[in-house]
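User: I would like to learn how to read strand pairing and helix packing. Can we work through an example?

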Amino acid sequence: MIEFRNVTKVYSTGIAAVNNTSLYIEKGEFVFIVGASGCGKSTLMKMIMKEVEPNSGHIFVNGIDITRISKRRIPNLRRSMGIVFQDFRLLPDKTVYENVAYAMRVIEADPKVIKRQVPNVLSLVGLLDKADVYPDQLSGGEQQRVAVARAIVNNPSVLIADEPTGNLDPETAWEIMSLLSDINRRGTTVVVATHAKDIVDKMQKRVIAIKNGMVVSDKETGGYIEEHGNGIMENPTDYSHLSKHNFPWSRRKAGV
Amino acid sequence: MSFNTMGYLIKDSFHGMRKDIKNTLISLGTMFATMLLIAVAYLVYVNENKLIDDTKDRSSNIVAYVDVNMSDEDAKKVGYEIENIVGVTSNTYRDKDYAINLAKSMNPIMVEGFSDEVLKTIYPAYFVITFDDVSLVDVIVNSISKQNGIEEITVNKYAAEKARDAEIYKAIAIVAVIYIVEFSIFLMMNTTKLMMFSKRKEISIMKYVGAKNNFIRAPFAIQGVFTGLVAVGLTMLLINFAYPAFIRSMTTLENGFSFISFDVLYQNLLIILVSIGIFIGMVGSTASMKRYLDV
């Protein structure tokens, strides 16, 4: 579904945001990418949506090497995924309904389908009654639910969320995570970059920990990794799991 | 792009203008100023051209008088030589009989009592030489004066100088039009750049949702074209009243020049303004958003 092969990204400032990283996310998984600010998790997310290009390595989304696709095809890639940001990024001049419908408009969906699908999704996120309201009339949690609705309205195979609860209070943050979990249960692969420790601990999903641009831990159903001063994780046995996810192509070659 | 999508984009562009009325009015104001400048430049240019043509028609010529003793045959040979001088556009030979008849018709008292034989020794045959390029007058006169049998040359200097001045004014008008159009496009581009800067966040959101560049550009292009057309309409309306009023005020000065009437000009002016309005509106609004599309 999503695969990083020896990906490195060094910004022009000389900062190595991602350092020879490899990881594999299966279809239908719910994965947290955790780490301190500036560890490289947002860069990972940006590379999946092709906002940032790696210096070396390959990134596969739905089997396509997105490091090789042209700029012209970026919209097609983004249409295959839903994206949720910390700052919601809703179009201020459009109502809730129009914001969600916009994602369908860009793929030139049939207006009849839009009329049917948008209310369904708004109902799913609990905002059907606010369809005609503008974003600035909504609370932060509601705005993020609109962003989630927009992200899933085209039934994407993968949903990318970069710090989706960063601007929300704990209760609302939990609601959003529950919503993402519901979406995941419907079959959508969900990748969430966050440093919301409580939520990660509670959700008991796969957790990939990043430090200095490298994957330092990958736990199948773990909590947030507490880092000791020397950068060693509390459960070193997790590294064995890392190799399983890091080199899936070698497993395939071996017929595993 | 389907009709549904086109309809949506048109609707969306009008919705956008209504929601962002401040920027829409700024854009319209700039476009109106641009169109007005272009219209004024055009009116100056066409009237300047007419002035040049009028001046040329009136009397831009050289008259070269032939020695009275020269035969018609010899004079015509000289005429061929004159026609070959660079810058000469036409050369008409007027023989002695023509000159005498002209004198009789214009000033009969003067020639009264003289026989034609005597008059033939007074009124020489002459050439009427015309030219287009006023700057070549001195060279042409010099070349004619070197021809055998040419006794005297007169140049309608007033007309030539006026025509030369008109050529200078025309050159100034052309340069002014180029600068005005350039300045107008610059003005429009900067206004739209500011608009796009304020919309950059929305454009990036559209990109993240998977919108293709043309889908994002279309509403802005439609807005630009619409603004351009409204500005053209306002300009034509204003010129329709202001230009005839200007002509009337200039006519009272009795300067002898008649301006081209608006009825003759409006069709060409409309075509020019609509073309430029659509071009600036579309290109101005879409070109300045290019950098924000690279997300």
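**Reading the sheet and the helix pair**

Analyst: Start with one bridge: Thr8(A) has Ser56(A) in E4(A) as its bridge partner. Keep in mind that this is a predicted model.

User: Which strands does the pairing of E1 and E4 of chain A join, and over how many bridges?

Analyst: Strand E1(A) covers residues 2-10 and strand E4(A) covers residues 56-61. They pair in the antiparallel sense over five bridges.

User: In what order do the strands of the open sheet lie?

Analyst: The order is E2-E1-E4-E5 in chain A, four strands with antiparallel pairing. E2 (16-25) and E5 (64-65) of chain A are the edge strands, each pairing on one side only.

User: Which helix lies across E1, E2 and E4 of chain A?

Analyst: Helix H1(A), residues 41-48. H1(A) runs at about 120° to E1(A).

User: What describes two packed helices?

Analyst: The angle between their axes and the distance between the axes. Here, H5 (residues 140-152) and H6 (residues 170-185) of chain A pack at about 15°, with axes 10 Å apart. Angles under 35 degrees count as roughly parallel, so H5(A) is roughly parallel to H6(A). The crossing of H5(A) past H6(A) is right-handed.

User: Which residues of H5(A) and H6(A) meet?

Analyst: From H5(A), Gly141(A), Gln144(A), Arg145(A), Val148(A) and Ile152(A). They meet Thr172(A), Glu175(A), Ile176(A), Leu179(A), Leu180(A) and Ile183(A) in H6(A). The residues of this contact divide into six nonpolar, three polar and two charged.

Conventions. Residues are numbered from 1 along each chain as its sequence is written. Chains are lettered from A and ligands numbered from 1 in the order in which they are written. This is a predicted model: local features need pLDDT of at least 70, side-chain atom pairs count only at pLDDT 80 or more; totals for chains, interfaces and linings use all residues. Side-chain values use heavy atoms; hydrogens and water are left out. Axes are lines fitted to C-alpha atoms, for helices over the stretch in contact, and angles run from 0 to 180 degrees between N-to-C directions. Helices (H or I, at least four residues) and strands (E, at least two) are DSSP runs, numbered from the N terminus. Angles under 35 degrees count as roughly parallel, over 145 as roughly antiparallel, 65 to 115 as roughly perpendicular and the rest as oblique. A crossing is left-handed if the near helix is turned anticlockwise from the far one by less than a right angle, and right-handed if clockwise. Contact means heavy atoms within 4.5 Å. Ala, Val, Leu, Ile, Met, Phe, Trp, Tyr, Cys and Pro count as nonpolar, Asp, Glu, Lys and Arg as charged, and the others, Gly among them, as polar. Two strands pair if DSSP finds at least two bridges between them.
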